[in-house]
Amino acid sequence: MSDEGMLIIISGPSGSGKGTIVKKLRKIDDFAFSISMTTREPRFGEEHGVDYFFCDRNEFIKIRDQGGFLEHAQFCGNLYGTPKFYIDEQIKKEKFVVLEIDVNGALQVKEKIDNCILIFVIPPSIDELKKRLVGRNTETPQKIMDRLARAKEEVKLIYGYDYIVVNDDVDTAVKKINTIAKAERLRPARNKFMIKKIIGGD
Ligand code: ADP
Ligand code: 5GP
């Protein structure tokens, strides 16, 4: 076990499969998941307190102004934010805490927290991305166009990330993220207590 947990940030274009990957990561014990707040309307099947904490704009702005978010951003007209309280709690429990957030939020966290791990999930092609967004059937054609336009902007920030995972096959993508997390846990900087126990020193 390392000294403490780590923050793993997963970003990528809407429709690249982040949510699908995160659902599978939930079955692995070492991972804990932040639940974001959003002003977006729930999609069919989404549950309050499971997929998101759904709220209205006023409520969101109140929490933001009280400093309740680790980061927050606007995405295609809706507000999204990561509540602070849960993150600290889980990090102390030595968990890999996963934040599935957009590129602007990811860069805010990178500025604030040393050693967080940034993973960018991309689809195998733009055609496949379109196909997945259309196939998901959760957004209007106009909103799908907005999200595709936004994807082109997001990929420009890919070099600010530590790892890239192509989501061709979901299980392979999940294995890659698990491997990244395990390898990151072995960094000497994350194991100072263990090193001290073995070789002594301050
Ligand atoms: P995101 O969370 O990045 O917006 P989703 O996880 O909602 O994306 O995935 C978008 C759509 O693509 C969903 O209908 C999902 O079932 C499908 N999907 C996800 N990963 C794959 C994959 N590797 N191959 C084929 N379809 C996928
Ligand atoms: P969706 O509406 O498809 O659930 O999410 C749209 C985008 O918002 C995705 O890129 C998703 O990663 C991002 N997102 C979800 N929660 C948060 C959050 O708390 N903060 C930020 N910055 N982005 C988020």
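## Basis of the description

Residues are numbered from 1 along each chain as its sequence is written, while chains are lettered from A and ligands numbered from 1 in the order in which they are written. In this predicted model local features need pLDDT of at least 70, side-chain atom pairs count only at pLDDT 80 or more, and totals for chains, interfaces and linings use all residues; side-chain values use heavy atoms, with hydrogens and water left out.

## The sheet

An open sheet is formed by 5 strands with parallel pairing, in the order E2-E7-E1-E8-E9. Strands (E, at least two residues) and helices (H or I, at least four) are DSSP runs numbered from the N terminus, and two strands pair if DSSP finds at least two bridges between them. Strand E2 (31-33) and strand E9 (163-166) are at the edges; each has a single partner strand, so one side of each is left without a neighbour in the sheet. On average, neighbouring strands are turned by 30° against each other, direction ignored.

Strand E1 (residues 6-11) runs parallel to strand E7 (residues 96-100), and 5 bridges join the two. Opposite Val97 in E7 stands Leu7. Helix H4 (residues 103-112) packs on the sheet and touches E1, E7 and strand E8 (117-122), its direction making about 155° with that of E1. Contact means heavy atoms within 4.5 Å; axes are lines fitted to C-alpha atoms, for helices over the stretch in contact, with angles from 0 to 180 degrees between N-to-C directions.

Thr39 is located in the loop between strand E3 (37-38) and strand E4 (53-54). Its relative accessible area is 14%, so Thr39 is buried (under 20% relative accessible area; exposed is over 50%, partly exposed in between, with a 1.4 Å probe and protein chains only). Beyond its neighbours within four places in sequence, Thr39 has contacts that include Cys55, Phe60 and Leu79.

## Aromatic pairs

The model has 7 aromatic pairs, counted where ring centres of Phe, Tyr and Trp (its six-membered ring) lie within 6.5 Å; planes under 30 degrees apart are stacked, over 60 edge-to-face and the rest tilted. The rings of Tyr52 and Tyr80 have centres 5.9 Å apart and planes at 55°, so this pair is tilted. Tyr52 lies in the loop between E3 and E4 and Tyr80 in strand E6 (residues 78-83), so the pair ties together parts 28 residues apart in sequence. Both residues, Tyr52 and Tyr80, are buried.
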